[in-house]
Every structure is written in C-alpha cells, then in structure tokens.
Amino acid sequence: MGPDIGLLLLTLLHVPGGTGSKDPWTCPRIPFASTRNFTVKYEVQNFTASGPVQGLLAYGSEEGAAVFVATRNRLYVLNAALESQGVLSTGPVSDPTCETCASCKDGAADPRRSYSKDTDNQVLVMDPFESWLFSCGSTLQGRCFLHELKPHEGSFHIDRTLCLFSPEHNKLTACPDCVASPMGTRALVLEESYSVYFYVASSLNSTVASQYSPGSVSIRRLKGSQDGFSPDFQMLSVLPTYQDSYPIEYVYAFHYDSFAFFLTVQREKLEASTYHTRLIRLSAKESNLGQYRELVLDCRFETKRRRRHAQGPPAHRVYNVLQAAHQAPVASRLAEELNIPVGEKVLFGAFAVSQDGSSAPSPNSAVCAFPMKMINKAIEKGMNGCCEPGALKKRVFRGLEFFQPKGFCPGPPGEVFKDSNVTCWNFPTFIPTNSYRVDLFNGRLNDVLLTALHVTPLGNATVAHMGTADGRILQVELARSLNYLLYVSNFSLGSEQPVMREVSRLEDHLFFAAGNKVYKVPIKGPGCRHFLTCSRCLRAERFMDCGWCEDMCTRQKECRGTWQRDHCPPVITKFHPRSGPTRGNTRLTLCGMDFQSCIHCSSPPGTQNVTVGQSPCRLLPKDNLDLRYEDRKDFVEELECELEAAGTQMPGPANVTLSISQEPHHRSFRVYGSSVLGGFTFVEPVVTSIRPQFGPLAGGTQLSIQGQNLNVGDGQQVLINGTECHLDSQTEKLLLCTIPPGGHLGNASITLRIGGALFPTPKPFQYLKNPRIISITPNCSFRDSHITIRGTHLSSVWHMAVSFNDGKEERVMVSPQECEGTLSTERLCKVPDYAVLGQAGGVPGNLSIWAGRTILYHLPHFRYYPRPQSPHTNESQYESKILLSPGMETVAIKYFGMDAVAGCMEVNMTVGGKHCLSKVLNDVVICHLPRDLDIPPRGAPVQVCVNGECWGQGRVVRENLASSLPGIIVGILLTFVLLASCLLAMLMLRYKNKKKELGSSSQSSAWLLVLLLSLVGSPWPQVDNNNNFNNNNLGIC
C-alpha cells in the first residue's frame, strides 16, 4: 500500500460513541405486587371438630339456617355463626352410643357383635323440598339415614333419625339399600312425580363388589315408608375383569335442566396409563339408565396469538385431572367473553396436570368454563351421529367397554337391555368430541394446586372462590380477556392443610373446610387491608365495599378517621433528571401513580400543574400522560414537563410538586390533591479547562472539557462553531466529544448547551492542517518493540496512537498505545501488547494509526512475532562471560526467534560499544570482531540490538596464554605417558603372536620394526611370497 493512503483521513472513519451513547431514561416500573400484600392476616369465624372434616353442607330456609359437619363417627349441627347446636353419634357401629346404629331394625348397634368399625361419612345431602338431611357412611353396608330437622332459635337440630334399610329386602347379591362405598360416593337427591330419587355414583374394587356391591352408577327411589329404597332399580357396574385395574373417581355431582350429572377422573382407555376427566349425564325424568352418556371434558392452556413469543407458560398444556367443580350462572362481563346470555348456567372446573402414570395432581392448575347448553348440544350431536343410518358403516363405537360389551352404533351393546321397545337412543353411549375449553387464567396458576372451587356472580363480575393445597383461599374474577389475575383476596386460613373439595354457601358467606376446621368466609372477601395504595383500593370491585381511610384501605365500619371512596391524591415516586441549570429549559420526567383515574381518560387544561422550586414546569402537549401497563406484572405512570426560567430561582435544592384537580365523573374515583418530592437541585455549570486546543481540519480529535455540573439537566451538547461535537461520555466533571470536521483553518468557538441553556467557553479550538503519513518502519513487530512514523504536519495531532487487529471475530482489537514526540515529521510509537501463542511465522494483521477517534493510516499485512528470547534471560545482563581463545575473533550468541524478525528488522551486535559485522543464522547472532577492538582484561560488554533496542548479553574475555602454560605442559606429559603405555602393551601383544610364524631372530626383529612403523603411521613394507621385505616405501636406507 502506498503512502497516499493517509488521505483516508479525509473520509473520517469515526468510531461509535461507546460509553458516551446513552439510552433514553425511562421511569422504573412499579410491580403490581407492591400495591397489595397477600401476607395480611384475616381472622374469619371458624369451628373446630374432633377430627378431620369429611362432609360439609350448609342449609337455609325461612325457618332458619344450619351448617352440618361430618367427621369420623360424628355429625355436628351448627348455626350460621358456627356455634354447636348438637352432635349425633354415627359410630363405631358396635358402640352402644352409636345413635344412627340404634335406629336400624337389624340390630346394628348390638354390643355383642365381635367387630368394631369406625364410620366415615360418604354422603351428606339435603332433600330438595323437605327439611330432611341424608347421610351415608362407610359401615353397615353403606346404608343411609334420614335426619328430620326441627327449627330451633333461628337454626335447626335433629329431631329424629330414620335408618333407610330393610333387612328383609336386602341380601348379598341384591341390596337396594346398600348405597355408599367406603372408596367414595357422590349422591344427588332429586324429586320427580312426588317421589325422591337418589342418583348415586360410587368407586368400586373387587373387595367392595364381592361384599355388598352398591354398583358404580345407579338411580334409586326412596320408599314412601322411609325404611329403604325400592328394589326395582337399575345400575351400571364396572365389569369384574376391570374392577381392580380401572378405578373411577367421582368428583362432583349436580343437576341442570332435566338431567343429573357426575364428573369423574379415570383412565383414558382400559389399558392406558394416562388419565382424563369425563362428564356423565343421566335423565332426571326417567329412572332407567338407557340415557347414560359420557364425554371427555378437555381443559387446556394456549398462548394468545399476540403473546405467542412472550415469556411465560408453555404455548400448549393439557390439564387432564379434575380437582373440583361448580355449576353457577355467569355475570355480564364473563357472559360477553363466552358469547352466552347473562345468567346462563356454566360448569366451572378446577383442573390440574397429573403426574406421569398416575391420577395424582401436580401443582399446576387451571379453571375452564363449559356452558351447559354447549354440553347438551354436544351430547345430542354425538347421539345423532350414533343413530343415523350410516353409523354402522362408519363403525361408530358405543364405548364404555368397562361397563358393557363392545358394540357399534346403532346396535345395542350385547344383551344388556332386552326391552323390545328400546331404540338406539336408549343405550349407554360414549360421545366423542374434538372441542376443548381454554384456561380462564391464561396459565397463571402454574405453581398452584387448586383443591376447592365455588363460583358466584357479583355485580358484573363472576368470581371464583378457590381453595388450595396449602390452605389458602383465592377469590379471583374470572375473565379470559385479562392477562393478569384480578384478585378480590388471597389469604391464608392459618392452616397449611389442603382445603376440602366441598364448599357450601349460606346467604353471603361460603363455608370451607381444612383439616379439622370449618371456616366462614364472606363472599365479598374477608377485608380490604391487602390493598396498599389508594387507587388500588378504589379500583376494587364495588361489592367489596372498600374505601380509603387516611392511609389504609378498609371497610367503613373499620375506619376510625375519614373514610372516602371518591378520590385519590397523585403520588410521585421518582423524577429525572435530578438537577438542572437555573436559567435553562430542562425537560423533566415525573414517575409515579394515580396521575389519572383511568387509562384512556383525558385531563382538561389546567387540571394538572407542576412546579420545581419557584420555577413553573410547562406540561408538554404531546404524550402528556403515559400510562403503560405491560402484562399487568408492573406498570408506570409518567408526565413530562419543561422548566421555564424564573428570575427569582436561586441555585440550591428544590421540591417537585404535582397538583391535580379532576372533576367528578362516572369512573370509580377521581384524582385530587398534591404530591411533593424533594431531591432536585438547581446549579450553574462551570468550565475550568479544555484540552486539546487544536487538531486537524478533518476533525476526529477527542475534546476534553473539565469543570463542574457538566451533566445536569435533561441533555448536554458541545457545539464547535455551531456544529455538534458528538459526545462520547459525560460525567459531572468531564465531557468528552469528537471534534467535527472544520470549514476552514483557524479558531472555532466552543459552546456548551446544558439543560437548554447556552454556556460559551473563553478559549476557542484551533483547526490545523491535516497530517499525512508517508512511511511506517519496520513493517513487523513483537511485544514492547517500536515503530517509527514519518510524514508531514504530524504535530497537528494531539494524541497519536497505534492499534493492532488480527482480523478474527473472536479476538478484540488490542488497546492502542500512544506515540511519543512532538516533531512535525516523525513520531516513535510502541506497538500494543499482543500474545502470539506458538506461531513461529507470526500473526498477520492490520496496523492502524489513530488521530483521536479517527483512523489516520491503515497498514495491512503487518506481522506480529513472538519476542526473541535469550537462553540467559535469568542472568544479569553483564554477569555471564564469553571466553575467546587465542586467535579467535568471532562471537556467537543464541537467540530463539531471531530468524523471524531478522527479515524485517535491523539486527546487529556491539562489543565494547563498537558495532561489528553481524549476521543471523539459525537463530544465532554471529559477530566478527573489529580489528581495532581492544578488549580489556575484565572484558568488553556485549549487546544484541534489534530495531535500535539493545539487550546486554555479558562480557567478552580473552584467555591469557601465560597463565595457562603450566596446565598445558602437565596435560601434554600426561598424554605422552598414557600413549607410551598403550604403545608398549600393543607391541608386546603383537610380538607374541608373530613369534611363532617368523621362527628366527632376524625375522622377529624385522616384525618388531613393522609394528613400530604401523603405530607411527609409516606405510607398510611389501612382503613377497618368500617372506622378503620390499624396502622402497620406508624412506630410509
């Protein structure tokens, strides 16, 4: 690349602002959790029983109200205040105190019986018209009892108990009075044609079935004599083959229109390991089971399209096991979302995700809504598909193989029903469906296990009252459209035991049970103290009767001060910036809450006013109010205003005051009052120094402005002759900016704009001629080496720096090193540190010369080598000695890596301060000593120099011949003696070997001479065939 590449300066490749680029300041968001406190403890009326509650039922009429609580061997009668009105003993069956046992005619209470069984309650229901309470237990073959209630002081007590069992009409194979199963039973009592019918669903296994099978599903008519049930009833039971492998749990029973319904949890198929929830429908007008229908209730969570890629629960999840359910009419808001009329009955189910291979739930819940008309339409549609003429060709299964033989529509399932008048519609049938309902809470109960559910319409809201596995009550409005949970309350009952599935209502209260306690909870919630802010308090549903009492959310009767539900004052939580110039137009952002009573309300002019100290702050017409709610996890309310300079405003601290006065309107409340927050400071910016005061006309110089209060206000600018100097960073005492290109050489004014105010500086900036780089030597480097830059007008640059980049994405640019010197034509620069790991050929890269924040020169193909290393690096530079023998005139020093740099850098050696003729061969620096070099006795210092940088390598010392002569003589004598001994031994050995061959003394003497000649290197004499010597090669006479 030629030297003219320095013209790149004219195009100015600027570096981004780095730390100086600031993101716009935004108000910190306020978590919604900070506006409420669900750890507030509420005291609610409760009753403690003798053991865990097994049954709970509230009953009210014109004559009074009562709450019935069943535990093991006990049935409590309480009034509406949960005060005991009496206790009925229901067991053990052999105990003479068992009152229900004594009412039976078969001697169930006879103490002579050898067995003793505790009675666990399985059924607790009321007659739909009479003041009769029915209870069924786990003992005495699951028989039931009728308890006649008598009014007493606004409540009831049990006047008489009847045993619904006739010994003469029951036997092991046919027991119409065996109703309840110890494994669990759900019962529904309905009246039809002046008769009372029990719709019963019981869980079975082979043991229960072999003793007194109550059947799985049955419809039984209570006899008029009230001593049992009519024997002419129908029932469905799980076939013996599947009684132990296919359990069915009956969760809930209810009545709608002319049908009775049960909800179950069971395996998806006979051999499946997965579970799902089913709905059973029976006719409430007929006592046969021909209209038995089943379908699957499918509850899922699916992310709304607009939130499909947001954080939160998985996009799809199936909640397969029902935990609790309740049928209730819906209020207007939910009815609109479900697209059904207001007041229509809807089945609400609390579902959970089951654990793998089990029906046991995990803490991951959802609530789904199933309109009852939709369910009935789905059943009718399914039966039409079963009974249409082409059903047989379509191979439509009747299903329910655990109850009946496999069959296809429209035919009957085997020979279960042999009535000739029975049509296709009169056989138990499973209805396949492809529809599902979605979670009304949008997956926001994914860490909660719901165990109880009761739904009530309150005003325009439909509220779910839910119990959890950890003993809490959640009261939440049901709404699919909300992307947050709109709580009425969320409080602990004071017990960590699971809330029981059964929930009962009495007027304006709900009764929950957990462990051995029963709790009376107001439908409108236990209180308002969990709302912590005025606006959150007054935004609560009106049925909660919450209002603001001084600084607390309460109900009116709880307030000892001024209680109102009309208005809230605004609250400033933070503002930005925290300071500004006294004569500027700083733009101020106010953060807080209750700046507006609703999201889309508009405030008339003059209803909102802001002052800072004595300076008014004019509200900005655009985005005057920014009220942002994001996913209801947090929120922020913002106001923006611009300070107007006031001549009376002095430097110092000041308060920010927001005053709002809204007129009353139809909204829940209005904003009225003031909020004051201190912490703002009026200051005067001061400049103390500016460096540098010059730079190239092309710009790129980084300007440093020092002073005080330089970063106050809502923004800072530096102007050079009116052109913005891009800010790289700013602090209270320092502004750094990159000088823009100038229009001409000479002085340019420097002005600061801080918080809207202008502050001229006393000293200008001087634009000088642009520098031009001509050459860079050498074109390679190693750690701590230097390069020399030559050019013109280099003194126009205040700070020149060098950087090296190896061009790899994973390697960052090495920090630049500043250059030394002030000459206009030359600069000496140290290369940046760079680690070259085991690369003998060096690392190629790009060398850049920087002028401020602009690249002045770019040199590609620049190589960075490992630093040459001497084997004597651990020794002092002049401690080692290099001995020169007499006559030797060459010094050689090993230097690892020297071959690589010798190709692009000057390498030489000095001895005694004089340069010698040097060369590098195989990483060895070889020096031929100058002829006029005089080496003193203590030696001459040796240095190896690379690119002008020299390293000491020791001293060169000549050996003294006189001092070494005695040693040389001794060595020669020792060597001579040793050689003579060896010679004598060899002669004797050869003499002995040849003596036998020669045979005469003359020949022996001759061979001795031959041996001597051979040892001293004389040529061998030739011997002819007669053993005569040829003496021509001996050089002797």
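Student: Why is Cys386 called buried?

Tutor: Buried means under 20% relative accessible area, exposed over 50%, and partly exposed in between, with a 1.4 Å probe and protein chains only; Cys386 has a relative accessible area of 1%, so Cys386 is buried. This is a predicted model, in which local features need pLDDT of at least 70, side-chain atom pairs count only at pLDDT 80 or more, and totals for chains, interfaces and linings use all residues. Residues are numbered from 1 along each chain as its sequence is written, and side-chain values use heavy atoms, with hydrogens and water left out.

Student: What makes Cys386 and Cys409 a disulfide?

Tutor: A disulfide is a pair of cysteine sulfur atoms within 2.5 Å, and the sulfur atoms of Cys386 and Cys409 are 1.9 Å apart, so the pair counts as a disulfide. With -95° about the S-S bond, this link is left-handed.

Student: How do you know that Cys409 is buried?

Tutor: The relative accessible area of Cys409 is 0%, and therefore Cys409 is buried.

Student: Why is the disulfide of Cys819 and Cys829 called right-handed?

Tutor: The torsion about its S-S bond is about 110°, so the disulfide of Cys819 and Cys829 is right-handed. Cys819 counts as buried because its relative accessibility is 14%, and Cys829 counts as buried because its value is 0%.

Student: What does Thr35 touch, not counting residues up to four places away in sequence?

Tutor: Contact means heavy atoms within 4.5 Å, and Thr35 touches His530, Phe531, Leu532, Thr533, Arg536 and Phe635, with residues up to four places away in sequence not counted. At 2% relative accessibility, Thr35 therefore counts as buried.
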